[in-house]
Amino acid sequence: MELNDANLQTLTEFLRKTLDPNPTVRRPAEKFLESVEGNQNYPILLLTLLEKSQDNVIRVCAAVTFKNYIKRNWRIVEDEPNKISNGDRTAIKANIVNLMLSSPEQIQKQLSDAISIIGREDFPQKWPDLLTEMVTRFRSGDFHIINGVLRTAHSLFKRYRHEFKSNELWSEIKLVLETFALPLTELFKATIELCQTHATDINALKVLFSSLTLISKLFYSLNFQDLPEFFEDNMDTWMTNFHMLLTLDNKLLQTDDEEEAGLLELLKSQICDNAALYAQKYDEEFQPYLPRFVTAIWNLLVSTGQEVKYDLLVSNAIQFLASVCERPHYKHLFEDQNILTSICEKVIVPNMEFRSADEEAFEDNSEEYIRRDLEGSDIDTRRRAACDLVRGLCKFFEGPVTAIFSGYVNSMLGEYAKNPGGNWKHKDAAIYLVTSLASKAQTQKHGITQANELVNLNEFFVNHILPDLKSPNVNEFPVLKADAIKYVMIFRSQLPKEQLIQATPLLITHLQAESTVQHTYAAHALERLFTMRGPNNTTLITAAEMAPFTEQLLNNLFKALALPGKNSDSTFLNVNILFPFL
């Protein structure tokens, strides 16, 4: 394909057709683009179009098409033909950085992703001048350009957080640090000075705080594998400014949105992550700075509200405290009984509460709720962070922590007993706190495998879990019913067989619950119980023990499949477990 106006016009027409809602127009256009993408100059035509077209919709469409083309074709697979000619590869790498930095943000993000994809394959060996070209743009003073560079660098470097250690990786990180660490540090200092200069200019602050958040993310990536000598030498610059930003409270950056985190929350969340990284991995070098961070993050936690927009910030802040309290170096910071009590009262209990947002998710977005709560993807939730903090504190202070929390559990259960209809959330928090306190080691196959001996799991089951499972109205207090089912599920290896057999017909009854979460948990719990192994590697619950309930189990499972809003995949998968009992 030649680089000429006729081909640009043809490409424009077909890109426009790919946006048509009518599939008879859209699909042939998509097929045409697929048929010509192997031609030389095709990607160059796309780049030319997104640079020069007068139609912004076409420019964005060309950018997205180009990114997807790069994603499909850039990698060279051994023994397969090269899908992009060497001439096109050279031309793309020669022009894409300039084009990305001079484009509007919507297009810039697409090209930034494309650069990251190319960089993963070609940097540094086949694209040695990429970083140098990017770093020189820090001197432009234009934060639209600077943020484009930072965003692209973040996409390139974030893989350092999960790459396995290797000589090749060390060599790449060393090259990156030599080129990037000093300019990044200078940019960090300059951006903070500009924030102070423009402290009353909301538009400037939005751009500058976006930069600081990206810089903080880059700091995390570049420090993840090991503590670089450069950052160790410049730790005071970074940590002093991080601490200052943590304690900053600019009213102009506060938002009225209760759902979405603002720039200030995003920046502070990342700084908490950075501090936790240093506390966990580089505790000796970080020790002089730790007390001030503990104080700042503690003050942050006790002054931050329950709104959803603060969830990531609060979660990361609690995770910082959890990482600190597990380290022998910092044990002395938590030895005082008053400190432990304060942590429980002001941090853990408030963040274990079942909020309106959680209730909405339970009722209206059950699949997401199950994914977070049951499948362990709630890593960034307040509850998971609070649970991790409880476990961290129990590492050195199991006795005092258990005693303190037992008092709170009894208090919450007492409030529930006074008015179950109005105070059911107190019992939910109590169950979650007991679960956090008792759980020391866990596997997917066996549930909790090591429990806190100071927590009487059997007694709690009889007094507080069994009554909910036995409730004649399976649709009353569905959250508490789901809690009770989950308790059986996760503590199945700790509860005696008699209690598990007692719970089995009750779980079968809960398959009829209207709540998707509740009947899915019941099916999941039954599956776990049926796969438990007893002596001689036989099933713990035998076919004879299940015989009285088999018919009801089958009936209720198939009824559950017909319930509105059912999680049918989860329920159906559990049917397979029944065959040994039929």
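This is a predicted model: local features need pLDDT of at least 70, side-chain atom pairs count only at pLDDT 80 or more; totals for chains, interfaces and linings use all residues.

Me: What describes two packed helices?

Reply: Two packed helices are described by the angle between their axes together with the distance between those axes. In this structure, helix H13 (residues 263-281) packs with helix H16 (residues 311-325) at an angle of about 15°, and their axes are 8 Å apart. H13 is therefore roughly parallel to H16, since angles under 35 degrees count as roughly parallel.

Me: Which residues in H13 meet residues in H16?

Reply: On the H13 side they are Glu265, Lys268, Ser269, Cys272, Asp273, Ala275, Ala276, Ala279 and Gln280. Their partners in H16 are Leu312, Leu313, Asn316, Ala317, Phe320, Ser323 and Val324. By class, the contact of H13 with H16 divides into nine nonpolar, four polar and three charged residues. The crossing in which H13 passes H16 is left-handed.

Me: At what angle do the axes of helix H9 and helix H10 cross?

Reply: The axes of helix H9 (residues 167-197) and helix H10 (residues 202-224) cross at roughly 150° and come within 10 Å. H9 is therefore roughly antiparallel to H10, as angles over 145 degrees count as roughly antiparallel. H9 passes H10 in a left-handed crossing.

Me: How many nonpolar, polar and charged residues has the contact of H9 with H10?

Reply: Among the residues that meet are Val176, Leu177, Phe180 and Leu184 in H9, and Leu205, Leu208, Phe209 and Ser211 in H10. The contact of H9 with H10 has 16 nonpolar residues, two polar residues and no charged residues.

Me: How many disulfides does a search of the whole structure find?

Reply: A disulfide requires a pair of cysteine sulfur atoms within 2.5 Å. The search of the whole structure finds zero disulfides. For Cys325, which is in no disulfide, the nearest cysteine sulfur is that of Cys394, 9.1 Å away. Cys344 is likewise in no disulfide; its nearest cysteine sulfur, also that of Cys394, is 11 Å away.

Me: Is Cys325 buried or exposed, and is Cys344 buried or exposed?

Reply: The test is the relative accessible area, and a residue under 20% counts as buried. Cys325 has a relative accessible area of 1% and is therefore buried. Cys344 is buried as well, with a value of 0%.

Me: Where is the place of Thr435, and which residues is Thr435 in contact with?

Reply: Thr435 lies in helix H21 (residues 420-438). Its relative accessibility is 15%, so Thr435 counts as buried. Leaving aside neighbours within four places in sequence, Thr435 is in contact with Tyr487, Ile490 and Phe491.

Me: Which residues does His510 touch, not counting residues up to four places away in sequence?

Reply: His510 is placed in helix H24 (residues 497-510) and counts as buried at 0% relative accessibility. With residues up to four places away in sequence not counted, His510 touches Asp468, Leu469, Val474, Lys481, Ile485, Gln518, His519 and Ala522.

Me: What separates the C-alpha atoms of Ala522 and His510?

Reply: These two residues are twelve residues apart along the chain, and their C-alpha atoms are separated by 6.1 Å. Ala522 is found in helix H25 (residues 516-530) and is buried, with a relative accessible area of 0%. Apart from neighbours within four places in sequence, Ala522 is in contact with Ile485, Leu507, His510 and Leu511.

Note on methods
Residues are numbered from 1 along each chain as its sequence is written. Side-chain values use heavy atoms; hydrogens and water are left out. Axes are lines fitted to C-alpha atoms, for helices over the stretch in contact, and angles run from 0 to 180 degrees between N-to-C directions. Helices (H or I, at least four residues) and strands (E, at least two) are DSSP runs, numbered from the N terminus. Angles under 35 degrees count as roughly parallel, over 145 as roughly antiparallel, 65 to 115 as roughly perpendicular and the rest as oblique. A crossing is left-handed if the near helix is turned anticlockwise from the far one by less than a right angle, and right-handed if clockwise. Contact means heavy atoms within 4.5 Å. Ala, Val, Leu, Ile, Met, Phe, Trp, Tyr, Cys and Pro count as nonpolar, Asp, Glu, Lys and Arg as charged, and the others, Gly among them, as polar. Buried means under 20% relative accessible area, exposed over 50%, partly exposed in between (1.4 Å probe, protein chains only).
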